Amino acid sequence: MTLLRPRDDASDVGPDPGCARCPGVPSVQDVYRTEIGDVLPAEFAEHWRYLGDDDIPKDRYTTKAFHDLEVERVWKRTWQMACREDDLPNSGDTVVYEIAGLSVLVVRTPAGTVKAYWNSCLHRGTQLRSFDGTVPELRCQYHGWAWNLDGTFKDMPCAWDFAHVDRAQLCLPELAVDTWGGFVFVNPDLAAAPLAQQLAPMPDHFRRWPLGKRAKTVHVAKVFRANWKVAMAAFMEGYHVPTSHPQGLPALADLNIQYDCYDQVSRILFMQGVPSPALPVELTQQEILDATLQLAGIDAQIPLPEGMTARAMLATLGRQQLTDGLGLTLPDWADADLLDIIVYYAFPNLVIWAGYALPLVYRFRPYGDDPEMSVMEIMMLAPLPDDAEVPPPAEVQWLGPDDSFAAAPALGPFLAPIFDQDQSNIVRNQRGLRTSLRSGITLSTYQESLVRHHDQVLDRYLRGDI
């Protein structure tokens, strides 16, 4: 088992950050300055540093020993998104959150608070609940021991046979619980640093893109025959887009992506309405507009006024959709807020799309206790008008390892084919790792820097530095 060597001086070694960028094309900052002006909002500022160029040891994607180490030092020590607050609207609502063989029961109490307990009966260890639902109490179906929703012990059958048991010591063991952006987070480590510290700078940045008033309209869970980090890494860089998603070349600036690394969070800024530098021909602004609409599944011919850019028209259409179509009151947003794929990666396994291009959230987890199996969850959080009631959240649809994303109609004709292309890469990546004679994988210094950043944060936990 190999850990990456610490790089405390990583920001001071290697090439200048400006060198490892696609040459001869406008950067995100170049485009934003033409649209917003010289004083960019802090949320769009660059925040990248050189992280080194060592290979990443492949045993962290394939071995049970590394998986077991992650369980002890990551899954038992980090804040993890367990559910949305809207999944627990009423007293007695429960959600079962499982990660790498661990099982947690998240509960809404009669007092209105959210608590999380280890999902295990204190009699003989039986799982208290194996599925979500609403209950008046937490009663083990094996022998009938029961707890109140606040975790205090309620009763047991044949209490006369347990005179040796101190009922005062039978409260369900709890996990730490906190909320942010409408999400419920749990942490097995009761002495952990606050959630805000692990998420920084997201709480500050997302004041621009509030997540609280959202409806979970889609929830799809897909099982992969791949390590959870292999699956997650497929969504952390745009280097694969020209070869894996060629349909996006006329509309997406894949090689121009801005990559930002913070402490335990990273981010991409991915422009829409700007062609890929890999496209072999130069397009007119009308052609860019047509291609972007087609990519989004919009069958419409919209003439572009003279002197207007495709991005400006796309932003206008986006504003109309949100104001006229959804009845939202919009702040004075820049075109980037409405157009661009702004994605935050919160260690260890949560991915949130900011802005309003697509309201997507991903969560990646080991599937059971197998280091080469994982599950990716895709949620869509639709923004709601201030005066709208939040509807019941969509139920999760599970897809097996051999299922196509097209089997989830809620993803629509635009997203499902893209996810299927990613699925092909993920499965082949894992197979190839098992076959490879090399001891590690090689990453680019810029375009795959978020993959390296994630692994370096992981190693900080494994070494006990966090």
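How many of the 15 residues of α11 are buried? Select this helix, residues 449-463, to begin the tour of this predicted model. The helix is mostly covered, with 13 of its 15 residues buried.

Select A100, in the loop between β3 (93-99) and β4 (102-108). Although A100 is not a glycine, its phi is positive, at about 50°. A100 counts as buried because its relative accessibility is 6%, and the cut-off for buried is under 20%.

Move to C158, which is located in the loop between β9 (153-155) and β10 (174-180). C158 is likewise a residue other than glycine with a positive phi, here near 55°. Its relative accessible area is 45%, so C158 is classed as partly exposed.

The last two stops concern cis peptide bonds. Select A200 and P201: the bond that joins them is cis, with omega about 10°. P201 belongs to the loop between α3 (195-199) and α4 (202-205).

Finally, select F347 and P348. The peptide bond from F347 to P348 is also cis, and its omega is near 5°. Here the proline, P348, sits in the loop between two strands, β15 (341-346) and β16 (350-354).

Technical notes: Residues are numbered from 1 along each chain as its sequence is written. This is a predicted model: local features need pLDDT of at least 70, side-chain atom pairs count only at pLDDT 80 or more; totals for chains, interfaces and linings use all residues. Side-chain values use heavy atoms; hydrogens and water are left out. Helices (H or I, at least four residues) and strands (E, at least two) are DSSP runs, numbered from the N terminus. The expected span of a helix is 1.5 Å times one less than its number of residues. Buried means under 20% relative accessible area, exposed over 50%, partly exposed in between (1.4 Å probe, protein chains only).
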